[in-house]
Every structure is written in structure tokens, then in C-alpha cells.
Amino acid sequence: MQRGNSLPRSGPVLVPPLPPPPRRSCSKVPNCAGLPARRGGEGDWPAVPLSPGRKEPLSDMEYCEICLVVPPDALEAVTHLLHKAGTGGVVIDDESRGEVRAYLPRDERLSRRLAALRQELEDLVAFFPGMSELRQTERFVADEDWANAWREHFHPMRIGRRLLVAPTWEAVQPRSGELVLRLDPGMAFGTGTHASTVLCLRALEELIRPGCTVLDVGTGSGILAVAAAMLGAGAVTALDIDPLAVRIARQNVVVNGVEDRVHVHYAEVRDLLTTGLAPVQLCVANLTADILAEVAPDLGRALLPGGTLVASGMVGPGVPAVQSALQLAGLRPSREVRLDDWIAVWARQR
Ligand SMILES: C[S@@+](CC[C@H](N)C(=O)[O-])C[C@H]1O[C@@H](n2cnc3c(N)ncnc32)[C@H](O)[C@@H]1O
């Protein structure tokens, strides 16, 4: 099981850069008044104040490419670690040979992230003896080096009953009543090929009521936020702590013509709690078990009484800790849904 941007088994998945999002007038954006403007890729989009100590990266134009060769039975664990380390997507070049690539932005977080990742990979050797064959190389690449190759592997997909997710560059023929969600995910996670995303999209189809308010935590490409708006949400707030994902998500919001209902912020949940953008009726968070457990108290505060959280991005061992953290946050887990090895937990705010 892999958790990457797009998951064909037959070839590499790479991610292209995107042009900056179109500049938009603040006056057209609800919730903008009173929020301080921030520098760095925000354009005129509404901003929320950053938590103390968090800075934007120095550059999003260069990435550190990490190449690993791991035993096939360790692939899932390794891709999980790579994702946790902050890679937007993981490329499985050859599953049978265990060849994996991932990209981290070259910014002030890089050396800390690499050191933590190396340590965690070393810890895995105890569980996967073949991991002693692990080869790790790191090199810096510019966006253009891998700009177009991955596009060959992202094709239209039907998800749930009504959604047709398609690349911006491919023609589609929707069936009657189908909603076409156009995406250029670029470096960000979220094409709809990953089980954890599919679980969220299916949940959105089931849970969205006309005009409801939605929070998408860890929006990546913006896929869930855009889907929520298309399915009838009245106001969607999308967050990410990766500025490149924020930029890409905004572009996808505009491409799908839902910018009147979806606003993307470079922020974490706790940044929102004092802005009036929360609490909401429905929150979807496709993160990892560790992050979900960490942000559970904020997710609890971001939901209205009776509101629902869909927490996705877990494999089995991570679920109990997330369930406990959600309960401590005042949420009542109500449902567990699975696809492949991935699990999403639904929980209600009391
Ligand atoms: C697995 S991707 C999900 C993307 C998309 N929502 C989907 O379902 O395909 C997780 C995203 O969460 C972001 N993220 C990680 N920790 C976060 C946090 N504490 N607050 C907000 N976003 C976070 C990452 O940068 C990444 O873009």
C-alpha cells in the first residue's frame, strides 16, 4: 500500500510545478475583513495569523530528492514515514524492486526533517531485516527536472456516486448528473487515487447538506475542498501548512469555479479558532495518525455541537491512539470505514 500523489504500479509518478495563482481582489473574498495580510505567495487571498514560530519556506522552487531501495514488504511503512516527514507525494518507481522516491522542499525545515527521517528509517531495520539493503541518496532538483513526466499517469476516475475527478489537461465525457472535478495537483498530495482520499470523498457525498459549512484540514491539492463545494457546501475553509499546497489548492479552486465558496489558508486548525472561520458543521482531515492525534483538541474545538469529523489517513495500528485523542477532545467516534489498508474514522461533536 502506498500513499503517494498518484499511484500507478507501472511507472513513475512525478509532480510538476504550477504558475502562481491568479491575483484576486480581496473585496470579492468573504471573511477577509479584519484578518491581517501576510507576505509570501498569499496574493490578495484572505490570511489568518500564523502560530508563533512558524515561518514560510525560503523557496519552493527547489526540492531535495530522496531515493530509497527498500524490501517490498517495507514499502508501506516507508511511504508512511516519507509522508510524515513532509513529502507532498511519494513516487514508487518499481514496486517489485522497492525503488522509491520522494521530494522535500529545500527550506529551513529540510535538515531537521532529513535527520528525523534517517533515524526513523534506521529504526525500521528491526522490523524488516531486508532493510539493511536500504540505499538512500539525496540530491537537489529544480521543479523543471520533473515537471511533466508524472502527468502521463493521472487519468479521469469516478469516485463515489457523482464525482468524476479528472486532470485539467484531459477531456472527459461526464454521465448525466456527474460532477466533474478538474485537478492539477502539482507537487501537492491529492489526485483521488489514494484510498485515504477516496474515503473522504465518499464521506463528503454522504454527509454534505446544502449550504453547510466545511473545514478541510490538510487540503493538499484542494481536492476535498473543491468536492465539498461541488456537492453543495455553502462555505468551505481549507488549510495547509505547506505553502506550495496552498498555492496549488487555490489554483484548483479557481479552475473549478468555486472561489466564491472555498477559501484556502496557509494555516493550521488552531490559527482559525479565533477568526470566526470556525466552528463548522463538517470537518474532513486526511492527515496521518500522529498528526490527527496531535491536532484532535483543535479539531474538536473547530466543530459545532452535532458536527461531524471525518479523520482519514490511518492504517490499523494508528487508529486506537486517534480514537482516544478524539474522545478526549469531546468527540464521539461513530463509524470506521476502510478501503484497502486505509481507515477513516467518523466522529460526532457532542
Ligand atoms: C495526505 S495529504 C491530504 C491531501 C488531500 N486533502 C487529500 O485528501 O488527498 C495531507 C496534507 O496535510 C498537510 N498537513 C500536514 N500537517 C498539517 C497540519 N497540522 N495542519 C494542516 N495541514 C497539514 C500536508 O502538507 C498535506 O498537504
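This is a short walk through one chain, from its overall make-up to a few single residues.

Good morning. A word of caution at the start: the model is predicted.

Let's begin with the whole chain. The chain holds eight helices and 14 strands. There are 350 residues, and 47% of them count as buried. Now take the contacts with a separation of 6 or more. Residues 24 or more positions apart make up 69% of those.

The largest nonpolar core has 79 residues. Which of them touch the most other members? They are Ala225, Ala227, Ala228, Cys283 and Leu299. The element that gives the most to this core is H4, with eight residues.

Leave out residues up to four places away in sequence, and Leu299 touches Val217, Val269, Cys283, Ala285, Leu309 and Ala329.

Next, the ligand. How many residues surround the ligand? There are 22. Gly190, Thr197, Gly218, Gly220 and Asn286 come nearest. Some elements give two or more residues to this shell: helix H3 (195–207), helix H4 (223–230), strand S9 (235–240) and H7. By class, the shell has twelve nonpolar residues, seven polar and three charged.

Is H5 mostly covered or mostly open? Mostly covered: ten of its 13 residues are buried. Among the buried ones are Leu244, Val246, Ile248 and Val253. Arg247, Arg250, Gln251 and Asn252 of H5 are also buried. What do the buried residues of H5 pack against? They pack against strand S3 (99–105), strand S7 (179–183), H4, S9 and strand S10 (262–266). After H5 comes Gly257, with a positive phi near 65 degrees.

Now some backbone details. As background, most residues other than glycine have a negative phi, and most peptide bonds are trans. Asp340 is not a glycine, yet its phi is positive, about 50 degrees. Where is Asp340? In the loop between strand S13 (331–339) and strand S14 (342–349). Asp340 counts as partly exposed, because it has 14 C-beta neighbours inside 10 Å.

Then there is a cis peptide bond. It joins Ala278 and Pro279, with omega about 5 degrees. Pro279 sits in the loop between helix H6 (269–272) and strand S11 (280–286).

Two last residues. Phe127 is in the loop between helix H2 (110–124) and strand S4 (135–142). Is Phe127 buried or exposed? Phe127 has 10 C-beta neighbours inside 10 Å, so it counts as exposed. Phe127 and Ala74 are 53 residues apart along the chain, but 8.6 Å separates their C-alpha atoms.

Glu294 lies in helix H7, residues 289–301. With 15 C-beta neighbours inside 10 Å, Glu294 therefore counts as partly exposed. Along the chain, Glu294 and Val322 are 28 residues apart, and their C-alpha atoms are separated by 8.6 Å.

That is the tour. Thank you.

Notes: Residues numbered from 1 in each chain as written. Predicted model: local features only at pLDDT ≥ 70, side-chain atom pairs only at ≥ 80, totals over all residues. Helix = DSSP H or I, 4+ residues; strand = E, 2+ residues; numbered from the N terminus. Buried ≥ 20, exposed ≤ 12 C-beta atoms within 10 Å, placed from the backbone. Near = placed C-beta within 6 Å. Nonpolar A, V, L, I, M, F, W, Y, C, P; charged D, E, K, R; others polar. Contact = placed C-beta atoms within 7 Å. Core = buried A, V, L, I, M, F, W, Y, C linked by C-beta atoms within 7 Å.
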